[in-house]
Structures are given as C-alpha cells and as structure tokens.
Amino acid sequence: MTRRTSIKLLLGAGIIGMLLFWLYRRVGYSVFDIGYLKENSHLIEELAEVVIPETDSPGAKQAGVAAYIIQIVGTGELRQEQVTFVRGLRQIDGFSQRTYNRAFTACSTREKVSMLNRFENKVSSRFPIINKINRKLFGRSFIEQLKELTVEGYCTSMLGATKGLAYDYIPGRFEACIPLSPGQRAWALN
Amino acid sequence: MAGVIGKAMDTIRYDAIVIGSGISGGWAAKELCEKGLRTLLLDRGRHVEHVQDYTTAMSNSWDMPNRGYNTPLYRQSNPVQSLFSNETDRQFFVADDEHPYIQETPFNWVRGYQTGGRSLVWGRQCYRWSDLDFAANEKEGVAVDWPIRYRDLERWYDYVERFIGVSGKAEHLPQLPDGQYLPAMELNCIEEHMASTLKTRYDDRILTIARVANLTRGWKHRGPCMYRNQCSRGCPFGGYFSSNSATIPSALATGNLTLRPFSVVTEIIYDDRLKKATGVRITDTVDKKQYEYFARVIFVNASTIATTAILLNSKSARFPDGLGNDSGQLGHNLMDHHSSSGAYGTHEGFQDRYYKGRRPCGFLIPRFQNLEKGSVEKFLRGYNFQGEGKRLGWEDQASSLRGFGKTFKQQLLTPGPWSVWMAGWGECLPYFDNTVKLSIVHKDQWGVPTVSINFSFKENEQMMKKHIQTTAVEMLENAGFKRIEPFDYQHPGGTTVHEMGTARMGRDSKTSVLNDVNQVHAVKNVFVTDGSCMTSSGCQNPSLTYMALTARACHFAVNSMKKNEL
C-alpha cells in the first residue's frame, strides 16, 4: 500500500465516521433504554390523558394506559418505532419548554391539546398515499403511536372496556336488530 | 412414549392407522373405531384436551400481557402464522422458525400442529358442492374429471351434517344444495337491508346467513353457542364442531382408539412382495426415537400439503417417486381459493338500531355467475360473496378520527355508522405447475426433507377478481351505501387456508393418484381423504366435503375388509 492510498483510506474512513456520527445524533440510534420510558411514565400518562381524558367515564390515566404503552413500546416494538417514540417524548417536552416556558406536564389542558394537534397536523399529509409511504419507510410517527396505543390500551383495559365502552363477556344469545338506547356506548368487543 | 391415550398403547399392530387428527382425520378415527376397528390415531403435535386445554378461552383482554394483540416484534419473528393468529389463539398455530418450508413463490402455509389440528381454529363454514362443481372439469376439458357426482356424496353430506350440527337456512338453490340444518342465525339490520335489495334488484342472486358448524341449540351434548365469537381459542361450551369436541371423544368412547401425539410420520412402509402398505414409520418428537406401527389400512389425513409430503417421502423400489405416484401427478395441481378482492361501504341509515351478542359468522351471497342459466362470463367457474355487516366500533373508527380530548373520546366510544364488508371467495383452477415438492437439500429437525411450494393465481383468477370488485361495488351502490371502496389485498396463495389438490381423485390411474373412493390407485389399503384428494376447488369452503368423503371412504374400507378384499 502506498502512502497516498493510505491517506485516502484514512480520509475516507474519517468522512464515513463523521457521517455515521451525524446520523447517530440525528436519528438518536443509541441503545434503546426502557428505563427512559419508565422515568418518563408521568409524561406518558399525561399525554395519554390528553388523548382520552376523564369525563363521565374514566380517562386513560385511571385506566392504566401508560403502563400498557411502556410495555408495548419497551418490549414489543421494532427498534425504529421505539426510537421514534423516545425522540417524540423529548421533542414534545422541548416544544412545551420553548412555547410555554414549562414542562408539558405543567401545561393546561388547552395548551396540551393544542400541542398534540400541532404534532398531528405536522405528520399527516392531505394525501393518503404520502402517509402510507411515510409509514412504510419510517414506521409510525410518534403521534400516531401515542394515539393508537392509547386507544388500544384504553379500550382493552378493564375500566375502558366496562365503563367507557359496553362489555358483554358472555352474551348467551344474539339479538340481531334492536333499538339503540339513549347514550348507548359501543361494544368493547364488536 | 409421551402422552399416549387409549387402551392399546403397548401394541404395534392395529386394524387401522390414521395419520393426522384434524377435521378429516378425526372423522376417519371416529368412523373406523365405531365400525369396530382398533385404530391408532397419530398426530405430530401435542395433545389438546377439549375444554381443559383451552387456556385463553375465558380471558378478558386485560388478562393478557399484550391485550390479545401481536406486537410488531412478534409479527417480525412469525411472519406467516401471525397473519392468522394473535395472543388469544397462537397456541394452536406453529412457530414459523420451528417448522420451516420453502416459498419458491410467496405462499402462506398455515399450520396447527396438535390434536385436532386446524379444526380448532377453522372458519366453520359448511357448504355442499353440487354437480355444477363436480362436472365442471369434464364439461370444460380442464384437468381430469371427478370420478364422483353429487348423488355419490349426498347421503354422506346428510350423515356428517347430522353429527356436526350445522346452523343455516335452506334456500333451494341448485348450485348450493340444502342440508340438514339447525335453526339459522339471524341477519342484522344492514344485512337484512342488503338481502331485500338483492331480492328486488336482481333475479339471479340472494343473500343468506352463513351455514356454520356453530350450534344454535344443544346438540349431542355440545353447545349451544354463547355468541362470544371467540371460537379460535377453543370453545369451553363446545359451541362449534372440532375434532377435539366431537369426533375424537366419540372415537375414544368406543374403546378402540389409541391416540399418539408427538408422532411425526416420516413415511408409509410399502411391502414390494405383498404389494401393499404395511404400516408407518414415525419419529417421536419427545424421545427423538423412531418407531414403526402396522395396520391393515392406512388413512392419510395430515392436511393437503403435509399428506403429499408424506407420500412423496415414502419411496420404495416399486414407487421411486413417492407412494402411489405412477401418474406423476402427486404434488401437482395445488389450489387455494382467492378471497382478496371485494368492496366495502358505509350506510347512513338505521342510526337508531344496534345488536347485542357477537354472531360467530357473516352472510353468504351464493355463486350467481356461469350457472346453468343466467350470466355467462369471460372467466370459467365462479365465486360466492362472504361478508359481514356491522356498526363501526372503536377499532374501525380510531384511525379516521382526528384530534384529541373530549370530542375524540365521545366519537370513539359511540357506535359508528353501519358498514358492509364483502369479498369474493373464488374458484382456483387446477394448474399442473402449482406444485408441492420435497427439497433435495434442506431437512427439518426430524430429518424429513423440507416442503417447497410453488404457487400462483393465473389469468382466470385475476379476471374473476376484477369482476368481484365490480359486482360488489354495484350491489353496495344499489343498496344506498356511501364511501364505497373496492379492494384487492393481493394475498398470496394459502391465505384463504383452503389448500386443495396435489393427490387428486380421478377415473384413470394414469392421470390421477386416487380412485373414486379415495384409495391410492395402486395401493388399495391406503386412503387419502383430506384436501389433497380434490380434483377441482369449487368456490365453497371445502371442509364439509372432506368430512363427507372421509365417512364414505371409511364405509367402503370397512366393507372391503369384511369381504377380505383389503
């Protein structure tokens, strides 16, 4: 190997290394740490409660949705979506600090809803095909994960299924076409 | 020998051996035992005892770690089986990495290796074939003629339906003969609306409730259905038919059955001198040892692809290319219904109506194309529609609801608009080059050559799929649906889980593997009565026909044994 080719190789390796470092910083491709999720369980709880708040029926917080989200993101998702989720937690808190000068959890309900709306509007295109491609290439966005996991976690929890929805454990018979009673909630199992 | 059940466990000689305890093998065991044969029933998987081994049957979603879902990580490690199962029922499906097969072209081979096989998780639809189906190959010069007609099978359909318990409605259609039915389940409001629309707008088609092996009243100490619609977990009420709930208990009750789980049949032993099969060689998956068992007759009911793999692997001087493969047809003509295309729509009416209970089936629009009279299409054969009407629930609504908070929650938890989803279940023609082969190189953990599958739907199926979309959209439009969307999921073969063919019945030993009573042409004491025997695929869900063929073949086999012809 000549001196010149060695220098080229070293230079090349250096550039590739820098690129990788940049990518690593950008994507946040560190070893995934479930501990970070647990440390932020309060933030996750608050986020879920914004999606499904307590009304005349229990909200996401009471239904224990945060634990479900931490369990699925922490142990069941592919690395790409895990990283997206953790990055999303950081981003939303950062955004809250910049905009309202306080942590997300310290904001009012109106402020919280407005922040999540902003995140949702940012990631979803008017063109379904673009959303589809985005999802295929990059997995679900943070806000999509948050929303889907909250809905799943709530509607399949005991409180969500029995108090938020109507739960029929063993129906025993089938009534094919009956009047909808006022205030009828949807079946938890449809 | 782990977990052998029955009296004759120390014996190696039986009157009959049945390979596979799924929907057809269970029937073979029941029939042979009830006719007095000491029968060994082999299954490659673990034993699943009715009720007590349905471990998730009574679980609420919140009782399960992942609430019943497959996580993305689980889907990645089980790419095929996870398409058909989830946390509630995956104990009845294999793990993909433990049971590899080769997909020369994409093909979903769904498997349940346990006592009862896939009868635990089947779709339970029970439709008779008619001569429109049995005579089609002959009429069109496709493949070979079926060696039987409806009249040969009619009383056996009666026989098995009376035992299974099938709920459904007689409709007096020549292309879909009526059977022995328990009271039908009811259509809901939107389905009734569709049915009456079809009645007034079309003279060639109807909409009827699915005919299913779910019991609308108690039947033979089973059921009735509790309308939980959680059948695939195993039903602690015995609300639907499975080998585990019905045929195997009947077989055991005779005292003639020995059930040996954990038994992978590696080959059928053929005696060149006696010119018949004498028994089977198995590998016990627990102690890893080989065993041999012997019997006068052998029923092969391992499921379409597995049965053909066993026959292909049973090589002898007389049959160097696989047992009974004089014709060269063994492993060819693999079929599966396509069910990828259809349409979906929502309806603005009936806002003040709902339902209670979860009916474990949908509706059926029987085949209306290429009948004796009526429309003549560019494609051969035809399809039926299977579908379901319901009010959208939270699972359907979530992805289309924007926003957060009170309004979002309110919309999410309220019954959505009525919707109908329907897809065409279409006939697949038998093509010689849709094949199941054994790999020359790869072997599974038992040393058995790995199965290699090459399958594609072809022009006739593609034409039919387009037609399905058009007719589905038109019917929904006529019924006043809004936001109608045609779809074609383009699922690969195997996805309907109606694998058929590869050891077809026929009149001529030169062009088929089995004769008119499911005997291997050249090995008369071997019977094949699972889906591999099918000469064409019809568009009806096929299990009922396998069961009828099995009962009929058992009747023939025992009569022949009595006459000392076997």
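Predicted model: local features only at pLDDT ≥ 70, side-chain atom pairs only at ≥ 80, totals over all residues.
**Stop 1**

Start by colouring chain B by domain. Where the two touch, domain 1 of chain B brings 25 residues and domain 2 of chain B brings 25 residues.

Now look at the side of domain 1 of chain B that touches domain 2 of chain B. The elements giving two or more residues to that side are α5 (150-164) and α7 (243-253) of chain B. The largest share, 6 residues, belongs to α5(B). Sorted by class, this side has 14 nonpolar, 5 polar and 6 charged residues.

**Stop 1: helix α5 of chain B**

Select 150-164 of chain B next, which is α5. At 1.5 Å a residue, its 15 residues should span 21 Å, and the end C-alpha atoms are 20 Å apart, so the two agree. Show the side chains of L153(B), W156(B), Y157(B), V160(B), E161(B) and I164(B): these are buried. What do the buried residues of α5(B) pack against? Their partners are β5 (166-167) and α12 of chain B. Step just past the end of α5(B) to find G165(B), which has a positive phi of about 85°.

**Stop 2: the nonpolar cores**

Go on to I17(B), V18(B), I19(B) and I298(B). Within the largest nonpolar core, which has 143 residues, these four touch the most other members. Helix α12 (residues 543-562) of chain B contributes the most to this core, giving 10 residues. Because domain 1 and domain 2 of chain B both supply residues, the core lies between them.

Centre the view on I298(B). Apart from neighbours within four places in sequence, I298(B) contacts I17(B), I268(B), A277(B), V280(B), N525(B) and V526(B). For a second, separate core, select A48(A), I52(A), Y68(A) and F119(A), which are among its 42 residues.

**Stop 3: where chain A meets chain B**

Show both chains together. How many residues does the contact take from each chain? Chain B gives 43 residues and chain A gives 42 residues. On the chain B side, the elements that give two or more residues are α2 (72-77), α6 (189-201), β13 (353-356) and α10 (406-412). That side of chain B has 18 nonpolar, 12 polar and 13 charged residues.

Zoom in on strand β1 (residues 175-179) of chain A. This strand runs antiparallel to β13(B), and 3 bridges join the two. To find your place in the pairing, pick I178(A), which stands opposite Y354(B) in β13(B).

**Stop 4: P360 of chain B**

From β13(B), follow chain B into the loop between β13 and β14 (363-365), where P360(B) sits. Is P360(B) buried or exposed? P360(B) counts as buried, because the cut-off is 20 or more and P360(B) has 25 C-beta neighbours inside 10 Å.

Finish by selecting N229(B) as well. N229(B) and P360(B) are 131 residues apart along the chain, yet 4.6 Å separates their C-alpha atoms. Leaving aside neighbours within four places in sequence, P360(B) contacts V212(B), N214(B), C225(B), N229(B) and C231(B).

Notes. Residues numbered from 1 in each chain as written. Chains lettered and ligands numbered in written order. Contact = placed C-beta atoms within 7 Å. Helix = DSSP H or I, 4+ residues; strand = E, 2+ residues; numbered from the N terminus. Nonpolar A, V, L, I, M, F, W, Y, C, P; charged D, E, K, R; others polar. Core = buried A, V, L, I, M, F, W, Y, C linked by C-beta atoms within 7 Å. Buried ≥ 20, exposed ≤ 12 C-beta atoms within 10 Å, placed from the backbone. Domains from an automatic or database assignment. Expected span 1.5 Å × (residues − 1). Pairing = 2+ DSSP bridges.
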